[in-house]
Amino acid sequence: YLTRTEAQRLIKATIEPHVKLFIIIGITTASRKSAILNLKWDQVDFERGIINFGDNNKNKRKAIVPINTTLERALEKAYNARTTDYVIEYGSKQIKDIKRGFSATVKRAELNDVSPHTLRHTSAV
């Protein structure tokens, strides 16, 4: 898992908005990479302050998680700039994998052995 300082360093090292949003969602919700990349705007309920990761999923056991202040700001910014139904998008298309952008961010943050799944562990701690 990442320490608070390492997590902040990772976020600050992010250049691409979609990668930054992915990291913030990962750290604040403990969701899996696939759940984040498949997340659609109709699953985000700003009024109630929740994200329902199970709405567009056959697996009804997916979590409903609260939106904290940090995540709310990031989501509102992305929502106002959206061009697709997907929360994580780039070039008006859904992101299929975040591997390249995430790896570049980890390298800029000068961190080792950090994967998208590390965000899940970080959130749990």
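Tutor: Start with the classes. Ala, Val, Leu, Ile, Met, Phe, Trp, Tyr, Cys and Pro count as nonpolar, Asp, Glu, Lys and Arg as charged, and the others, Gly among them, as polar. Note too that this is a predicted model.

Student: How do the residues lining the second largest pocket divide by class?

Tutor: The lining has seven nonpolar, seven polar and one charged. The volume of that second largest pocket is about 360 Å³. In total 15 residues line it, and T3, R4, A7, I27 and T122 are the closest to its centre. Two or more lining residues come from each of α1 (4-12), α2 and α6 (116-124). Helix α1 gives the largest share, four residues.

Student: What makes R4 a charged residue of that lining?

Tutor: R4 is among the residues closest to the centre of the second largest pocket. Arg counts as charged, so R4 goes in that class.

Student: Why are α2 and α4 called roughly antiparallel?

Tutor: Look at the angle. The axes of α2 (residues 17-29) and α4 (residues 69-81) cross at roughly 150 degrees and come within 10 Å. Angles over 145 degrees count as roughly antiparallel. The pair is therefore roughly antiparallel.

Student: Which hand does the crossing have?

Tutor: α2 passes α4 in a left-handed crossing. On the α2 side, L21, I24, I25, T28 and T29 make the contact, and they meet T70, L71, A74, L75 and A78 in α4. By class, the contact has seven nonpolar, three polar and no charged residues.

Student: How do α2 and α6 pack, and which residues meet?

Tutor: Their axes are 6 Å apart, at an angle of about 35 degrees. From α2 come F22, I23, G26, I27, T28 and T29, and they meet P116, L119, R120 and S123 of α6. The contact holds five nonpolar, four polar and one charged.

Student: What lines the largest pocket?

Tutor: There are 20 lining residues, with P17, L21, A74, K77 and A78 nearest its centre. Two or more come from each of α2, α4 and β4 (89-90). α4 gives the largest share, six residues. The lining has 10 nonpolar, five polar and five charged residues. The space inside is about 470 Å³.

Note on methods
Residues numbered from 1 in each chain as written. Predicted model: local features only at pLDDT ≥ 70, side-chain atom pairs only at ≥ 80, totals over all residues. Heavy atoms only, no water. Axes fitted to C-alpha atoms, helices over the stretch in contact; angles between N-to-C directions. Parallel < 35°, antiparallel > 145°, perpendicular 65-115°, else oblique. Left-handed = near helix turned anticlockwise from the far one by under 90°. Contact = heavy atoms within 4.5 Å. 1 Å grid on protein atoms, 1.4 Å probe; cavity = no way out; pocket = protein on both sides within 12 Å on 5 of 7 lines; lining within 4 Å. Points joined across faces, edges and corners; volume = space filled by probe spheres on them.
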